[in-house]
Amino acid sequence: WVLNKSASWQLPGFTQSSNHPVSCVSWRDAKKFCEWLSKKEGRTYRLPFDEEWTAAAKTGTRYLWGDTFPPPNHSGNYWDLNAVKNLPGRWEKSIFGGHPYDDGAERTARVGSYAANKNGFFDLGGNLWEWCEDAYRATLNTPAVLAENPILKEETAADGTPHRVLRGAAWDNLDETSLRPEFRDMDEPDRRDDDYGFRLVLDLN
């Protein structure tokens, strides 16, 4: 992988329209947007808390699409045949162990391209990792997940800045663990990536 210093939320390295989720944004970028939109509309917008995201995703199934793995086609925007078609070499076997998953999108998909979950929420799984308000704590993940992913034991950056929670997986995810709705990823609040995005909560109080 090579860092593209010219990339940004306006030029993430792949084609997007105004109907796609914004990518290449850090936690601080998302917070600034919340502040700007709140001031513009005179209402309070913010990032969801981890507990709120969990409640939105909780449907009583093992995965956001149901209980089977790999997911059925068009269950959400994950690593699929479209994601690998323009890569050099043969990557088909990287898709869920060779399962020919197809979600119709090479990178990000238009918001609402897949069915809403039982709670009426779209795109909680796949498309882009979603920043949450919370500082990351290793105990948010299970001991088994931490044993499988030792990096998730790290709660702060080298300078002591707390990591922030990311939920939901993205278009480039394919491993079973990260696609579980209870899985938490994390990163530094200033980190931007082409699979990082966010959703907003509107406070009605």
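Which residues are buried in helix α2, residues 50–57? I will come back to that after two remarks on the model. This is a predicted model, where local features need pLDDT of at least 70, side-chain atom pairs count only at pLDDT 80 or more, and totals for chains, interfaces and linings use all residues. Residues are numbered from 1 along each chain as its sequence is written, and side-chain values use heavy atoms, with hydrogens and water left out.

Now the helix. In α2, the buried residues are Asp50, Trp53, Ala56 and Ala57. Buried means under 20% relative accessible area, exposed means over 50%, and partly exposed is in between, using a 1.4 Å probe and protein chains only. Helices (H or I, at least four residues) and strands (E, at least two) are DSSP runs, numbered from the N terminus. These four residues lie on the same side of α2, because they cover an arc of only 125 degrees around the axis. That arc is taken from the directions from the helix axis to the C-beta atoms. The cover over the buried residues of α2 includes β2 (129–135), β3 and β4, with contact meaning heavy atoms within 4.5 Å.

That brings me to the sheet. It is open, has four strands in the order β4-β3-β2-β5, and its pairing is mixed. At the edges are β4 and β5 (196–197), each of which pairs on one side only. Two strands pair if DSSP finds at least two bridges between them.

Take strand β3, residues 164–167, from both sides. With β4 it pairs in the antiparallel sense over four bridges; on that side Leu166 is the bridge partner of Asp185, and Arg164 is the bridge partner of Asp187. With β2, β3 also runs antiparallel, and three bridges join the two. There, Ala135 has Arg164 as its bridge partner.

Next, the faces. In a regular strand the side chains alternate between the two faces of the sheet. In β3, Arg164 and Leu166 point one way, Val165 and Arg167 point the other way, and all are buried. Strand β4 (residues 184–187) is covered on both faces: Arg184 and Met186 are buried on one side, Asp185 and Asp187 on the other. Arg164 also lies over the face of Trp27, at 4.1 Å from the ring centre. The rule for a charge over a ring is NZ of Lys or CZ of Arg within 6 Å of the ring centre and within 35 degrees of the ring normal.

Last, the aromatics. Rings of Phe, Tyr and Trp (its six-membered ring) pair if their centres lie within 6.5 Å; planes under 30 degrees apart count as stacked, over 60 as edge-to-face, and the rest as tilted. The count by this rule is 13 aromatic pairs. One of them, Trp65 and Phe69, is tilted, at 6.2 Å centre to centre and 35 degrees between the planes. Trp65 counts as buried because its relative accessibility is 18%, whereas Phe69, at 32%, is partly exposed. Trp131 and Tyr196 form an edge-to-face pair, because their ring centres are 5.3 Å apart and their planes are at 80 degrees. This pair links distant parts of the chain, with Trp131 in strand β2 and Tyr196 in strand β5, 65 residues apart.
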